[in-house]
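Here is a friendly walk through one protein chain, from its overall make-up down to single residues. Keep the viewer open as you read.

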Amino acid sequence: MEEPSGAMGCFSQLLHMPHEVCAGIVWSLGVEDTAKLASSCKLFAQETTDAELWFQLFLRTCWPPSGALLAFAEGTTTPVGIDWRHRMQVRMESTPTIVVDMGRGYTKFTVAHGVRGRWEMDGCPPELVQLCSSPTHPPDCDRNEQLSYIHHRLDRTFLDAATDPSHRLHKAALGPRSELKVDQYAVYRTPTAAGANLVLVRLLQHCKEENLWSVEAVKRRSEKPFKVGPEELTPMRRAHDLPILIGEPFVITANRDANSQSSWDSLIRSQLGNNRPGAVQVVSQAQMALWAHGLDHGIVVNIGQQQTIAMPVLRGEVIASCSTTCNIGSADLTQVMVSLMHRKAPSLDSSLMTWCRDLKEEYCYVSPPAGNMTLRARLAAGDDFGIRPVPVELPNFARGEQSTVELAEERVIVPEVLFESNRGPRQTLPQIIVECASMVHSKGTYTQEDVRDLLRQVVLVGGAADFPGIRPRVEYEMRCLLQRAENQQLSSCCESTDDVYVLNPPLDRSSNPLVSPRFVPLFGGCVRAASSAGYGELQRDKNTGALRSLPLQAEDLEPGEDGGLRRRLMWQRRISGMLALQLPNIFRTGGGGGEDDQVWQEFFESDEEMGAPDESASLACSEESPQSPDNASSSHSHASPARSGRCATKGRGKGKGKRKGSDASRGRSRRIWRPVPGAQGDEE
Ligand SMILES: Nc1ncnc2c1ncn2[C@@H]1O[C@H](COP(=O)(O)OP(=O)(O)OP(=O)(O)O)[C@@H](O)[C@H]1O
């Protein structure tokens, strides 16, 4: 038979194309191209009705780039029976949300969208508002005006973003056409030879007869007003038009009285007013932190500026009455660094607090447990504990005879304060977590499984949670505490005392950290705000009460289809891995495949210092000794100012100092630190 030619030939080839090839073509396209192809070709349009295709597109297109977190945000445990196309459409069309984590020292904020994600991009720190002050760094604003200040800062950003299509907030800064109002700013699009020119204008008046707006250019007010059609204008949003999700500080949640309005609530109200067009929601930061791990159940520990609080959340409900507190916070650690540095160089006093804070952030890490002795006693006894000294240049105005100081023991002594039980009556960080679980257990209203899951899902947040090595150390000490006789009842809830985990911060599909622990609550708020379900009923002027867990939803797409059930099962099996529904195991430290496993099990000496790798000594070591976790994987991608060069050092930052006694150690077997099995360490 003669082959048809021209357009007919192409069509016939298309018709004879095997289904798999058509499907393959469609599956390799993005959302826009899929839509174009569907509207131009019947054959491909059929392919685009495939529910699985939309699920794949949803995963590829929507934020965050983690199947587990997307599944959590969408409130589902199965991809089957859900209209992913509709959900993606809802996300695409949704208004971005301002997410705020209110802090005592530093408030963090961002703008999050279901497809475009976080304003500042994954892995980067969010916007900070400094509320605390130091002699060299005044606060950005008054604590009581922080929300107004955030709105003001966003409004200024929107002014630039509205006329700059390459700005990450360009789309967030533009509202729907229907919202053109007198006195509002709008973007006027004028066609030019090189494309379109975007000009910011103020809307002066609308002439109904002509359906034209009289406008004036914002940056060229001397120019005469002119008239343009509404189709050439896009209204600019103000920050107060966007919904806002506010994270309630741990200390407020812990002391909240369900029957009365706290002064904190009134503070929020007075700053936002009752006529804010965008919805307002408040949720505890503890819940937000769990959402970042795809969870609604666990103990969240915030190492705050002034105190550390452990807060239990059971199946989506915060049990504030069981929260526990230790009066040591990050500010105390900075103070410890100030006094240690003052001892080294008298010119270094509290006027250099910010400088000392930066040293703390840049060079400190949590040491492995010191055995039966305290770390200080062990260091005093002459054990260098594998610490590498780092020379640090003094700021110009603090230089006397010496221009540098050496940081050594300070690197571990400062964070050790969180673990010292010999400092008065207060409890250590691991102790308040165990006590928190114990209080929930003693209530008698929760099952053993509930308590077990609390201990399996411990999340550390706050600036000090960024210290390398903190998660494995806390996990190790919690396990030791559970072995004690007084905690026997509590530990009976777990299969073993090793069944206790501190979770790592979330990673993306390629195992890159999405966020550092300090910003985990903010990130969790973004995950929830990005959901196609929004973040609950949009309620204006109702800023009390926590959000509840998302309901599981299923939209039946294939009713009564022959073989539908079999197809669903096959599909479910094929893609269950993509949703990574083995939560929370994927976040586990110390054995669950988490990024901190390396820190926990293999604190290798860097090859640079110890000579060539000694393979024979890699795992079965002849000499065990703690090492600094300098070379261990650190997820902390947040760009602390210190890391961007505020502290000039002669060394090269964490782990690059010359190790004490490194000459003597040359040629020795590579030393590895591992947790000491059994009780809290044996004296070596
Ligand atoms: N990489 C880091 N390592 C150690 N500490 C850090 C690091 N980054 C920040 N910090 C410390 O964390 C503290 C700020 O933490 P954070 O922003 O969680 O406080 P906050 O939210 O204001 O406190 P709170 O939760 O009490 O309201 C500062 O003291 C800062 O020095």
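## The chain as a whole

Of the 684 residues in the chain, 54% are buried, where buried means under 20% relative accessible area, exposed over 50%, and partly exposed in between (1.4 Å probe, protein chains only). The secondary structure comes to 25 helices and 18 strands; helices (H or I, at least four residues) and strands (E, at least two) are DSSP runs, numbered from the N terminus. Among contacts between residues at least 6 apart in sequence, 70% join residues at least 24 apart, a contact being heavy atoms within 4.5 Å.

A word on the source: this is a predicted model, in which local features need pLDDT of at least 70 and side-chain atom pairs count only at pLDDT 80 or more, while totals for chains, interfaces and linings use all residues. Residues are numbered from 1 along each chain as its sequence is written, and side-chain values use heavy atoms, with hydrogens and water left out.

## Domains and their contact

The chain is divided into domain 1 (19–49), domain 2 (58–128 + 243–292 + 508–583), domain 3 (129–241) and domain 4 (296–504 + 588–684). These bounds come from an automatic or database domain assignment. In the contact, 26 residues come from domain 2 and 29 residues from domain 4.

About 2,200 Å² is buried between domain 2 and domain 4, and carbon and sulfur atoms give 66% of this area. Buried area here is the accessible area (1.4 Å probe) that two parts lose on being put together, summed over both. On the domain 2 side, F250, L290 and P517 supply 28% of the area buried against domain 4, more than any other three residues.

## Nonpolar cores

A nonpolar core is a set of buried Ala, Val, Leu, Ile, Met, Phe, Trp, Tyr and Cys residues joined through side-chain atoms within 4.5 Å. The largest one holds 67 residues, and W355, I433 and I470 touch the most other members. Helix α16 (residues 429–443) gives the most to this core, with seven residues. Another core, of 37 residues, lies apart from it and includes V318, L503, L514 and F519.

Leaving aside neighbours within four places in sequence, I433 is in contact with I299, V301, A310, V458, L460, V474 and M478.

Helix α12 (residues 330–344) contains M337, which is buried at a relative accessible area of 0%. Not counting residues up to four places away in sequence, M337 touches C356, L359, K360, C364, L407, E410 and V414. M337 and R411 are 74 residues apart along the chain, yet their C-alpha atoms are separated by 9.0 Å.

Helix α13 (residues 353–363) is largely enclosed by the rest of the structure, because nine of its eleven residues are buried. Among them are W355, C356, L359 and K360, along with R357, D358 and E362.

## Strands and their partners

Strands of a sheet pair through backbone hydrogen bonds, either parallel or antiparallel; two strands count as paired if DSSP finds at least two bridges between them. Strand β5 (residues 185–192) meets β9 over three antiparallel bridges, and V187 stands opposite T234 in β9.

Elsewhere, β16 (residues 390–393) and β17 pair in the antiparallel sense over four bridges, with E406 in β17 as the bridge partner of P391. Strand β17 (residues 404–407) has V405 and L407 on a covered face and T404 and E406 on an uncovered one.

## Backbone details to check

The peptide bond from W63 to P64 is cis, with omega near 5°, and P64 lies in the loop between α5 (51–61) and α6 (67–73).

R315 has a positive phi of about 45° although it is not a glycine. R315 sits in the loop between β13 (308–314) and β14 (317–318) and is partly exposed, with a relative accessible area of 46%. R315 is also one of the residues in contact with D450, leaving aside the neighbours of D450 within four places in sequence. F385, too, has a positive phi, near 55°, but F385 is buried, with a relative accessible area of 2%.
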